[in-house]
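Me: Can you walk me through how a few parts of this structure sit against each other? Keep it simple, please.

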Amino acid sequence: MYAITIPEPGGPEALTWAEVADPVAGDGEVVVEVAATAVNRADILQRQGFYPPPPGASPYPGLECSGRIAEVGPGVTGWAVGDEVCALLAGGGYAQRVAVPAGQLLPVPEGVGLVEAAALPEVTATVWSNVFMVAHLRPGETLLVHGGSSGIGTMAVQLGKAVGARVAVTAGSARKLAFCAELGADVLIDYREQDFVAEVTADVVLDIMGAKYLARNLDALAVNGRLVVIGMQGGARAELDLGKLMAKRAAVAATSLRSRPLAEKAAVIGAVREHVWPLIAAGTVRPIVDRVLPLAEAAQAHRVLESSDHIGKVLLQA
């Protein structure tokens with residue numbers, strides 16, 4: 001088969017289309033013939049040499065995919081060759097085939113195309129696990145989403161609204177904010193011109209920036225607020241005012257999904273299937289796809305993501 005490999009870390013040109021060995025389904029795994037995968041910030045970090053895959057994971061980038069099951073390994077029940085699925089991966093989505101633990105598989109939701117389904121696993125798992133399983137967002141509360149027009153952001157807006165929350169977003173252009181408004185966002189904040197602390201008090205903050213926003217996120221939290229940090233685009237080290245945190249009786253959590261044990265990932269996927277998939281089938285929530293490029297043009301897809309000009313997900317079709 002062919003896959004996108006990274007012989008040496010570097011820019012987008014470091015991504016190389018190469019012939020590699022086919023994966024084999026181990027115990028509890030299936031092999032998926034990939035229809036499409038999606039580009040995530042983690043793929044860019046891996047390409048640059050800053051985010052190696054966990055031990056035992058595929059060396060190729062790609063944290064999600066959609067496709068058809070081509071092989072079922074020992075110990076797998078409930079899935080069969082030919083089933084149309086999408087899947088959360090620890091790596092390997094940028095390939096024509098990938099081995100996947102069965103606990104990380106999801107059926108393609110009703111009303112969603114096979115290629116389009118590649119936009120769903122990472123964002124639904126990330127948002128549901130953090131906003132609902134960690135931060136326990138409740139109806140009537142306010143959710144602040146940084147990067148509201150991103151793949152994760154567009155899903156967070158939709159799921160927040162679906163459970164009856166008030167949703168505020170930050171984004172860097174009128175076009176992106178307008179799209180967030182179409183998805184249902186109640187408070188639109190242009191971070192180039194507005195201070196989000198002055199615009200909103202949030203019960204839950206979903207943050208991709210990390211250090212750069214830490215102090216201001218705490219300022220924006222309501223009493224009993226919960227801040228969940230899922231990215232470090234603004235750096236990894238910052239000071240935290242524990243006095244202010246205690247006065248607000250607030251909580252700060254930081255999570256990652258890729259390196260979690262298989263059982264934890266399976267629990268997240270099970271929750272997504274139970275809670276999110278019915279919302280997608282009902283049309284309440286939908287995947288947001290900016291564009292679809294051929295898998296062999298992964299370098300161009302990385303350039304698009306790094307330019308931050310996209311809205312939603314950038315997909316690669318195998």
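Me: Are H2 and H8 roughly parallel or roughly perpendicular to each other?

Reply: This is a predicted model, where local features need pLDDT of at least 70, side-chain atom pairs count only at pLDDT 80 or more, and totals for chains, interfaces and linings use all residues. Residues are numbered from 1 along each chain as its sequence is written, and side-chain values use heavy atoms, with hydrogens and water left out. The axes (lines fitted to C-alpha atoms, over the stretch in contact, with angles from 0 to 180 degrees between N-to-C directions) of H2 (residues 121-134) and H8 (residues 262-275) come within 9 Å and cross at roughly 90°. Angles of 65 to 115 degrees count as roughly perpendicular, and those under 35 as roughly parallel, so H2 and H8 are roughly perpendicular.

Me: Which residues of H8 meet H2?

Reply: Contact means heavy atoms within 4.5 Å. From H2 come Thr124, Ala125, Trp128, Ser129 and Met133. Their partners in H8 are Val268, Ile269, Ala271, Val272 and His275.

Me: How are H3 and H4 arranged, roughly parallel or roughly perpendicular?

Reply: The axes of H3 (residues 151-162) and H4 (residues 174-183) come within 9 Å and cross at roughly 30°. That makes H3 and H4 roughly parallel.

Me: Is Thr142 buried or exposed?

Reply: Thr142 belongs to strand E8, which covers residues 142-146. Leaving aside neighbours within four places in sequence, Thr142 touches Arg166, Val200, Thr201, Ala202, Asp203 and Val204. Buried means under 20% relative accessible area and exposed over 50%, with partly exposed in between (1.4 Å probe, protein chains only). Thr142 has 8% relative accessibility, so Thr142 counts as buried.

Definitions and conventions: Helices (H or I, at least four residues) and strands (E, at least two) are DSSP runs, numbered from the N terminus. Angles under 35 degrees count as roughly parallel, over 145 as roughly antiparallel, 65 to 115 as roughly perpendicular and the rest as oblique.
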